[in-house]
Amino acid sequence: MSMDFNFFMNDIVRQAREEIVSAGYEELKTTEEVNEALSKKGTTLVMINSVCGCAGGVARPAAAHALHYDKRPDRLVTVFAGQDKEATEQARSYFTGYPPSSPSFALLKDGKICTMIERHQIEGNDPMTVVSKLQQTFDQYCDEV
């Protein structure tokens, strides 16, 4: 029995996209969408999505659960590394001083990078550890809702 690899990967990508969008994140697929979202006033959390195990097992669950908190970013957006390449590259151009990393989280305020939670801070951790890191970031940079 042979399996169509592209069909299999398309299903994984679709599920990864649906999971983060259903958590309340707006998917950005073009450079124009990235520039519009990341240049807005206020705080924006960017989740750099991917299909790796630490994205599905740690980062996306943490992205959803971290929002159950008194302080949160004004906007939640996501780009998909390896899938929406131009949008991801454009988002990363805002993350001055940080190397490309996926999955990861970037918090911007008024279009400027405040901090990132990079792959090395996600991989090997459980989702609640990453939730805690995200909420510490929210405490530092975001307003109460």
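View 1. In β5, Lys 112 is the bridge partner of Lys 109. The model shown here is predicted; its local features need pLDDT of at least 70, side-chain atom pairs count only at pLDDT 80 or more, and totals for chains, interfaces and linings use all residues. Residues are numbered from 1 along each chain as its sequence is written, and side-chain values use heavy atoms, with hydrogens and water left out. Strand β4 (residues 104-109) and strand β5 (residues 112-117) run antiparallel, joined by 5 bridges. Two strands pair if DSSP finds at least two bridges between them. Strands (E, at least two residues) and helices (H or I, at least four) are DSSP runs, numbered from the N terminus. The hairpin has 2 residues between its strands, and Asp 110 takes a positive phi near 50 degrees.

**View 2. Val 46 has partners in two strands.** Val 46 stands opposite Val 77 in β3. In β4, the bridge partner of Val 46 is Ala 106. Strand β2 (residues 43-49) pairs with β3 in the parallel sense, over 6 bridges. With β4, β2 runs antiparallel, again with 6 bridges. Of the 6 residues of β4, 5 are buried, so the strand is largely enclosed by the rest of the structure. Buried means under 20% relative accessible area, exposed over 50%, and partly exposed in between (1.4 Å probe, protein chains only).

**View 3. Strand β3 is covered on both faces.** In a regular strand, side chains alternate between the two faces of the sheet. On one side of β3, Arg 75, Val 77 and Val 79 are buried; on the other, Leu 76, Thr 78 and Phe 80 are buried too. That is 6 of the 6 residues, so β3 is largely enclosed by the rest of the structure. Strand β1 (residues 26-27) runs parallel to β3, and 2 bridges join them. Here Glu 27 stands opposite Thr 78.

View 4. Ala 87, Thr 88 and Ala 91 are buried in α4 (residues 85-92). Down the helix axis, these buried residues fall within an arc of 100 degrees, so they line one face. The arc is that of the directions from the helix axis to the C-beta atoms. Turned away from the buried side are the exposed residues Lys 85, Glu 86 and Glu 89. The buried residues of α4 pack against α2 (31-38) and β3 (75-80); contact means heavy atoms within 4.5 Å.
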